[in-house]
Amino acid sequence: MNMISATFRAFRAVDEPKSCASFIEGHRKVLEIYGITMITSNKPLWTNHKNTYVVLVESKIDGRLFGGARLQIADEELMLPIEEAVGKVDTKIHDLVKQHSEKHLTAELCGLWNSREVAGYGIGSAHLTKAIIVLARKLNVKTLFALCAPATVRMGGRAGFVIERALGNDGFFNYPKLDLVATAMVIRDVNELSHATEDNQLFVKEFDKNPTQDRIERGPKGEIMIAYDLSLDKL
């Protein structure tokens with residue numbers, strides 16, 4: 001069996017409307033598998049937001065979509081998805097985001113997904129999370145929020161996120177449905193990543209030096225060849 005080969009490509013959302021449309025459609029199909037028809041982070045408002053960046057994962061062989069994630073920087077124009085989601089049950093999220101964004105650039109890792117075809121290779125979890133953190137550092141983001149599903153909380157912890165226990169029920173929420181649980185998490189020191197594991201810290205430091213790399217990555221299901229382009233050179 002040939003190793004799966006994928007590209008991780010970063011761009012600003014407003015620069016590639018067709019790629020954003022593909023991202024939305026792929027994400028929608030994955031959500032429908034779990035009976036979720038509409039959640040805040042799947043609304044297309046971010047496609048016209050100048051402070052939203054996308055990492056798209058595509059097959060290196062034929063270009064079909066494997067997954068993606070977004071980095072949305074907090075500003076006056078568009079509310080962070082975690083504010084829309086959590087704000088319905090705990091309004092403290094708005095003050096928390098405001099406190100951080102008044103001091104420095106604050107953002108959210110959101111809209112993370114992968115197709116069933118590559119499930120188990122770490123695309124929709126570890127590898128995309130690290131790629132978004134690389135972008136956050138490149139864009140001078142200091143605080144990074146995320147709303148994690150149960151399966152990704154441990155992975156988020158390895159990447160440097162900690163549970164934001166001041167929100168909800170000790171950081172936990174029933175979202176996007178009553179029978180599903182989400183966890184509010186945050187990296188308060190994107191520069192230092194003091195809570196990240198050594199291998200996660202090393203990955204990010206290596207991409208600080210060289211944002212375009214080819215690497216063989218390992219997931220629970222096996223190895224995958226990834227060609228990363230996190231340079232944002234077109235900007």
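Colleague: What covers the buried residues of α6?

Modeller: The cover includes α4, α5 (150–159), β9 (212–219) and β10 (222–229). This is a predicted model, so local features need pLDDT of at least 70 and side-chain atom pairs count only at pLDDT 80 or more, while totals for chains, interfaces and linings use all residues. Residues are numbered from 1 along each chain as its sequence is written, and side-chain values use heavy atoms, with hydrogens and water left out. Helices (H or I, at least four residues) and strands (E, at least two) are DSSP runs numbered from the N terminus. Covering here goes by contact, meaning heavy atoms within 4.5 Å.

Colleague: Which residues of α6 are the buried ones?

Modeller: Asn200, Phe203, Val204 and Phe207. They cover an arc of only 90° around the axis, so they sit on the same side of α6. The arc is that of the directions from the helix axis to the C-beta atoms. Buried means under 20% relative accessible area, exposed over 50%, and partly exposed in between (1.4 Å probe, protein chains only).

Colleague: And which exposed residues are on the face turned away from that side?

Modeller: Glu198 and Lys209 are carried there.

Colleague: How far does α6 reach from its first C-alpha to its last?

Modeller: It reaches 17 Å with 12 residues, close to the 16 Å expected at 1.5 Å a residue. The expected span is 1.5 Å times one less than the number of residues.

Colleague: Asp208 is in that helix too. Buried or exposed, or in between?

Modeller: Asp208 has 37% relative accessibility and therefore counts as partly exposed.

Colleague: Switching to α3. Which of its residues are buried?

Modeller: Ile93, Leu96, Val97 and His100. Their arc around the axis is only 95°, which puts them on the same side of α3.

Colleague: What do they pack against?

Modeller: Against α2 (81–86), β4 (106–114) and β5 (143–148).

Colleague: What span should helix α3 have?

Modeller: Its 12 residues (92–103) should span 16 Å at 1.5 Å a residue, and the end C-alpha atoms are 17 Å apart, which agrees.

Colleague: Where does the largest share of the lining come from?

Modeller: From α3, with 5 residues. The lining divides into 6 nonpolar, 4 polar and 5 charged residues. Ala, Val, Leu, Ile, Met, Phe, Trp, Tyr, Cys and Pro count as nonpolar, Asp, Glu, Lys and Arg as charged, and the others, Gly among them, as polar.

Colleague: Back to the backbone. What is phi of Asn140 near?

Modeller: Near 70°, a positive value in a residue other than glycine. Asn140 lies in the loop between α4 (123–138) and β5, and is partly exposed with a relative accessible area of 44%.

Colleague: And Leu193, where does that lie?

Modeller: In the loop between β8 (181–187) and α6 (198–209). Leu193 has a positive phi of about 50° although it is not a glycine. At 2% relative accessibility, Leu193 counts as buried.

Colleague: Which residues does Ala166 touch?

Modeller: Asp90 and Lys92, not counting residues up to four places away in sequence. Ala166 is in the loop between β6 (162–163) and β7 (172–174), and is partly exposed at 46% relative accessible area.

Colleague: Last one. Where is the place of Gly87?

Modeller: In the loop between α2 and α3. Gly87 counts as buried at 15% relative accessibility. Leaving aside neighbours within four places in sequence, Gly87 is in contact with Ile82, Ile93 and His94.
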